[in-house]
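Please walk through this structure one element at a time. The sequence and the model come next.

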Amino acid sequence: MAASHLEIYRALAKSNCGRCQLPSCLAFAAAAAAGQKLLADCPLLDEATKERLTATLHGRPEQELYKFVKDLSQLEQQVAALDFTVIAPRIGAAVKDGRLAIPSFGKAFEIDCQGRMRSECHVMPWVQYPLLAYAASSQHQLPTGAWIGFRDLPGGLDLHNLFCKRCELALKKLADAHPGLLHDLAELFQGEEAAGFEADTALILHPLPHFPILICWQAPEDGLESSLNILFDACCKVNLPIKAAFSLCIGLAQMFEKIALLHR
Ligand code: SF4
């Protein structure tokens, strides 16, 4: 049975120190139980307790991410050691008041000289992890215009089944239930509708400056089931490690789910 927020609360230090970016331990417990915060976001929670509670929360995308983002602070330190003025032009970012500003879906996510991130949007671990990994990536390639599947990304085969279930299937259900949703998302996130694909909707989005993805949705027709595929520009092979790409797509699916709830 999944951990309730009270079970999580009982395990917390109850200091209300705010280091998790929430005002109280109770608020953190509710957010973690709802899958909006990682247990790893509370620096006072010991490893054994995190493992125990994470096991009971297994199945929630954010908690699955826990396995990947266990050491976000290491990634923060890695990014903090970088010369922002050198990497910004290379990765399609900018330097603003000494901070590295990476555009994502039309919003700027700024990383300071200690690797900490801030944005006008709520910074969720699923976005924090890939953004830091994107900045820390030692290699970088500009978009090529050639599209490949998730399984063609280095290491993609291992996560392919999970990617299909968590990302493609989740988005397919949304697109089936809200046929106008993808067009609205294109407008909302400065996406481009792409021509030349065998799909009712082909939409290019840029979750990161040099990380274009293509979502192709085919509506159900003549008794045939709908289909939805997410493709990646070939540059994604080098611009993001596979686990960061996976977490970015999970986060994308979650964000679209939230938008779909408001969709009429
Ligand atoms: S960081 Fe941990 S101890 Fe501090 S307020 Fe958040 S949940 Fe409570």
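## Sheets, helices and a ligand site

Strand 7 and strand 8 are joined by a hairpin of 2 linking residues. This is a predicted model. Start with the two strands of that hairpin. Strand 7 covers residues 201-208, and strand 8 covers residues 211-218. Their pairing is antiparallel, and 6 bridges hold it. Two of the facing pairs can be named. Ala202 has Cys216 of strand 8 as its bridge partner. Ile204 faces Leu214, again in strand 8.

Glu192 has Ile204 of strand 7 as its bridge partner. That pair belongs to the contact between strand 6, residues 192-193, and strand 7. Here the sense is antiparallel, with 2 bridges. How much of strand 7 is buried? Of its 8 residues, 6 are buried, and the strand is mostly covered.

Strands of a sheet pair through backbone hydrogen bonds, in a parallel or an antiparallel way. In this open sheet, 4 strands run in the order 1-2-3-4, and the pairing is antiparallel. Strand 1 (94-96) and strand 4 (117-119) are the edge strands, and each pairs on one side only. From one strand to the next, the twist averages 35 degrees. Strand 3, residues 107-111, meets strand 4 through 3 bridges, and the two run antiparallel. Within this region, Glu110 is opposite Arg118 of strand 4.

Two helices pack on this sheet. Helix 6 (residues 84-91) touches strand 1 and strand 2 (99-104). Its direction makes about 135 degrees with that of strand 1. Helix 7 touches strand 2, strand 3 and strand 4. The direction of helix 7 makes about 115 degrees with that of strand 2.

Helix 7 has a helical partner too. Helix 5 (residues 72-80) packs with helix 7 (residues 125-136) at an angle of about 35 degrees. The two axes are 9 Å apart. The crossing is left-handed. On helix 5, the contact uses Leu72, Leu75, Glu76, Gln78 and Val79. On helix 7, it uses Gln128, Tyr129, Leu132, Ala133, Ala135 and Ala136. By class, that contact has 8 nonpolar, 2 polar and 1 charged residues.

Finally, look at the ligand. Which residues are closest to the ligand? Of the 14 residues that surround it, the closest are Cys17, Cys20, Cys25, Phe28 and Cys42. By class, the shell has 9 nonpolar, 4 polar and 1 charged residues. Cys17 lies in the loop between helix 1 (5-11) and helix 2 (25-33). Is Cys17 buried or exposed? Cys17 is exposed, because 12 other C-beta atoms lie within 10 Å, and a residue with 12 or fewer counts as exposed. Leu44 sits 27 residues from Cys17 along the chain, yet their C-alpha atoms are separated by 9.6 Å.

Methods: Residues are numbered from 1 along each chain as its sequence is written. This is a predicted model: local features need pLDDT of at least 70, side-chain atom pairs count only at pLDDT 80 or more; totals for chains, interfaces and linings use all residues. Axes are lines fitted to C-alpha atoms, for helices over the stretch in contact, and angles run from 0 to 180 degrees between N-to-C directions. A crossing is left-handed if the near helix is turned anticlockwise from the far one by less than a right angle, and right-handed if clockwise. Two residues are in contact if their C-beta atoms, placed from the backbone, lie within 7 Å. Ala, Val, Leu, Ile, Met, Phe, Trp, Tyr, Cys and Pro count as nonpolar, Asp, Glu, Lys and Arg as charged, and the others, Gly among them, as polar. Two strands pair if DSSP finds at least two bridges between them. A residue is buried if 20 or more other C-beta atoms lie within 10 Å of its own, exposed if 12 or fewer, and partly exposed in between; C-beta atoms are placed from the backbone. A residue is near a molecule or strand if its C-beta atom, placed from the backbone, lies within 6 Å of it.
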